[in-house]
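This report looks at how one chain is held together. It covers charged pairs, the nonpolar core and ring pairs.

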Amino acid sequence: RVLVPDGEFLLKSDEADFFANAVENLAGIPSFQRLPWAEECAYPPTTFEKHWLALGKTMHRARWTLRG
(Lines give C-alpha, C1' and ligand atoms only; values in the text may rest on other atoms or scores of the structure.)
Protein backbone atom coordinates (compact mmCIF):
# COMPACT_ATOMS: atom_id res chain seq x y z
CA ARG A 1 0.00 0.00 0.00
CA VAL A 2 1.47 3.34 -1.02
CA LEU A 3 -1.12 5.81 0.27
CA VAL A 4 -1.04 6.06 4.06
CA PRO A 5 -4.21 6.55 6.13
CA ASP A 6 -5.35 10.18 5.94
CA GLY A 7 -3.10 10.62 2.90
CA GLU A 8 -4.45 12.47 -0.13
CA PHE A 9 -4.85 11.45 -3.75
CA LEU A 10 -5.01 14.34 -6.24
CA LEU A 11 -6.19 13.89 -9.81
CA LYS A 12 -6.01 16.43 -12.62
CA SER A 13 -6.88 15.57 -16.21
CA ASP A 14 -7.69 17.35 -19.43
CA GLU A 15 -9.68 14.32 -20.66
CA ALA A 16 -13.31 14.53 -19.49
CA ASP A 17 -14.19 10.86 -20.09
CA PHE A 18 -11.09 9.59 -18.29
CA PHE A 19 -11.77 11.94 -15.39
CA ALA A 20 -15.44 10.90 -15.11
CA ASN A 21 -14.44 7.23 -15.15
CA ALA A 22 -11.83 7.76 -12.42
CA VAL A 23 -14.31 9.67 -10.23
CA GLU A 24 -16.93 6.96 -10.73
CA ASN A 25 -14.48 4.19 -9.84
CA LEU A 26 -13.13 5.91 -6.76
CA ALA A 27 -16.69 6.64 -5.58
CA GLY A 28 -17.14 2.86 -5.35
CA ILE A 29 -14.28 2.46 -2.87
CA PRO A 30 -15.63 3.12 0.64
CA SER A 31 -12.19 3.87 2.11
CA PHE A 32 -11.85 6.96 -0.12
CA GLN A 33 -13.65 10.16 0.78
CA ARG A 34 -13.88 12.91 -1.81
CA LEU A 35 -12.81 16.35 -0.63
CA PRO A 36 -13.25 19.80 -2.16
CA TRP A 37 -10.37 20.84 -4.39
CA ALA A 38 -7.98 23.21 -2.62
CA GLU A 39 -5.38 25.08 -4.67
CA GLU A 40 -3.07 25.34 -1.68
CA CYS A 41 -2.68 21.54 -1.51
CA ALA A 42 -2.13 21.02 -5.23
CA TYR A 43 1.15 20.39 -6.96
CA PRO A 44 2.30 23.12 -9.38
CA PRO A 45 0.81 23.16 -12.89
CA THR A 46 2.76 21.38 -15.59
CA THR A 47 3.89 23.13 -18.76
CA PHE A 48 1.16 21.25 -20.63
CA GLU A 49 -1.50 22.36 -18.12
CA LYS A 50 -0.44 26.01 -18.41
CA HIS A 51 -0.62 25.79 -22.20
CA TRP A 52 -3.98 24.00 -22.09
CA LEU A 53 -5.52 26.58 -19.75
CA ALA A 54 -4.09 29.46 -21.82
CA LEU A 55 -6.11 28.07 -24.73
CA GLY A 56 -9.23 28.47 -22.59
CA LYS A 57 -9.70 24.73 -22.12
CA THR A 58 -10.80 22.91 -18.99
CA MET A 59 -8.68 21.02 -16.49
CA HIS A 60 -10.72 18.62 -14.36
CA ARG A 61 -9.64 18.30 -10.72
CA ALA A 62 -10.55 16.03 -7.84
CA ARG A 63 -9.17 15.24 -4.41
CA TRP A 64 -9.72 12.30 -2.06
CA THR A 65 -8.44 11.21 1.30
CA LEU A 66 -7.87 7.66 2.45
CA ARG A 67 -9.90 7.28 5.60
CA GLY A 68 -7.69 6.31 8.50
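Does Arg61 count as buried, partly exposed or exposed? At 27% relative accessibility, Arg61 counts as partly exposed. The cut-offs are under 20% relative accessible area for buried and over 50% for exposed, with partly exposed in between (1.4 Å probe, protein chains only).

The model is predicted: local features need pLDDT of at least 70, side-chain atom pairs count only at pLDDT 80 or more, and totals for chains, interfaces and linings use all residues. Residues are numbered from 1 along each chain as its sequence is written, and side-chain values use heavy atoms, with hydrogens and water left out.

**Around Arg61**

Arg61 sits in strand 3. Helices (H or I, at least four residues) and strands (E, at least two) are DSSP runs, numbered from the N terminus. Leaving aside neighbours within four places in sequence, Arg61 contacts Leu11, Lys12, Phe19, Arg34, Trp37, Glu39, Glu49 and Leu53. Contact here means heavy atoms within 4.5 Å. The C-alpha atoms of Arg61 and Ser13 are 6.7 Å apart, although 48 residues separate the two along the chain.

**Salt bridges**

Side chains of opposite charge can pair when their charged atoms come close. A salt bridge needs a side-chain nitrogen of Lys or Arg within 4 Å of a carboxyl oxygen of Asp or Glu. The whole structure holds four salt bridges.

| Pair | N to O distance |
|---|---|
| Arg63 and Glu8 | 2.7 Å |
| Glu49 and Lys12 | 2.9 Å |
| Arg61 and Glu49 | 3.2 Å |

Take the bridge between Arg63 and Glu8. Arg63 lies in strand 3 and Glu8 in strand 1 (residues 8-13), so the pair ties together parts 55 residues apart in sequence. Arg63 is buried, at 14% relative accessibility. Glu8 is partly exposed, at 35%.

Next comes the bridge between Glu49 and Lys12. Glu49 belongs to helix 2 (residues 47-54) and Lys12 to strand 1, so distant parts of the chain are linked across 37 residues. Glu49 is buried, at 4% relative accessibility. Lys12 is buried too, with a relative accessible area of 16%.

Glu49 also forms a salt bridge with Arg61. With Arg61 in strand 3 and Glu49 in helix 2, this pair ties together parts that are twelve residues apart in sequence. Shared partners join Lys12, Glu39, Glu49 and Arg61 into one salt-bridge network.

**The nonpolar core**

Which residues make up the largest nonpolar core? There are nine: Leu11, Phe19, Ala22, Val23, Leu26, Phe32, Ala62, Trp64 and Leu66. Such a core is a set of buried Ala, Val, Leu, Ile, Met, Phe, Trp, Tyr and Cys residues joined through side-chain atoms within 4.5 Å. Helix 1 (16-27) and strand 3 (60-66) each supply at least two residues of this core. The largest share, four residues, comes from helix 1.

Leu11 is one of the core residues. Not counting residues up to four places away in sequence, Leu11 touches Phe18, Phe19, Ala22, Trp37, Tyr43, His60, Arg61, Ala62 and Trp64.

**Aromatic pairs**

Rings of Phe, Tyr and Trp (its six-membered ring) pair if their centres lie within 6.5 Å; planes under 30 degrees apart count as stacked, over 60 as edge-to-face and the rest as tilted. The count comes to two aromatic pairs.

The ring centres of Phe9 and Trp64 are 5.8 Å apart and the planes meet at 35°, so this pair is tilted. Phe9 lies in strand 1 and Trp64 in strand 3, so the pair ties together parts 55 residues apart in sequence. Phe9 is partly exposed, at 35% relative accessibility. Trp64 is buried, at 2%.

Phe48 and Trp52 form a stacked pair, 5.5 Å centre to centre with 25° between the planes. Both lie in helix 2, four residues apart, about one turn of the helix. Phe48 is partly exposed, at 44% relative accessibility. Trp52 is buried, with a relative accessible area of 18%.
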